[in-house]
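Hi,

Here is the structure I promised to pass on. My notes on it follow below.

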Amino acid sequence: MRRFAGQGAGQIRRSSVHRPTGKLKQIARSLFEPPVTEAEAQAAGFELEDYPEPEIIEVWPDNEAALDIAMMIGTRWVYPAMGGVPLGVRWEAIYPLMDRRASGEAWDELHEYMMVIEAEALATLREFAPKERAK
């Protein structure tokens with residue numbers, strides 16, 4: 001017999017603080033979106049010079065630690081066995097980086113920021129992953 005069955009979402013408490021995530025998503029997208037290659041530009045009938053300069057993203061002070069860690073992710077991704085787009089970051093490899101940057105409530109906030117960056121990075125990597133050809 002399950003002791004607490006049937007309580008459902010009534011036991012889940014959402015944070016009363018809503019933090020905007022737009023800057024974090026911009027940061028992730030700019031870090032993980034590949035630049036247009038010359039071959040892609042030519043295939044579209046353009047030259048690289050025809051594309052606008054990348055947008056400069058101003059990073060808010062409360063996002064600096066998350067940016068620093070995002071730039072250090074490097075090979076700290078979990079990949080599927082057959083290769084391809086990562087499934088997520090290896091949090092056990094990210095936590096020590098976070099531990100050096102924050103503690104207490106600041107660590108919790110940094111963790112939330114990193115989850116936003118991870119989600120947007122994965123969406124960006126999936127968007128730009130090579131598409132499989134239909135057989």
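Helices here are DSSP runs of H or I with at least four residues, strands are E runs of at least two, and both are numbered from the N terminus. This is a predicted model, so to speak of local features we need pLDDT of at least 70, side-chain atom pairs count only at pLDDT 80 or more, and totals for chains, interfaces and linings use all residues. Residues are numbered from 1 along each chain as its sequence is written, and side-chain values use heavy atoms, leaving out hydrogens and water.

Let me start with His111, which sits in helix H5 (residues 104-128). His111 counts as buried because its relative accessibility is 17%; buried means under 20% relative accessible area, exposed over 50%, and partly exposed in between (1.4 Å probe, protein chains only). Leaving aside residues up to four places away in sequence, His111 touches Trp91, Tyr95 and Met98, where contact means heavy atoms within 4.5 Å.

Next, helix H1 (residues 22-32): Lys23, Leu24, Ile27, Ala28 and Phe32 are buried there. They lie on the same side of H1, because they cover an arc of only 150° around the axis, taken from the directions from the helix axis to the C-beta atoms. In general, an α-helix has 3.6 residues a turn, so residues three or four places apart point the same way. The buried residues of H1 pack against H3, strand S1 (77-78) and H5.

Finally, Tyr51 is found in the loop between helix H2 (38-43) and helix H3 (64-72). Tyr51 is partly exposed, at a relative accessible area of 30%.

Best wishes
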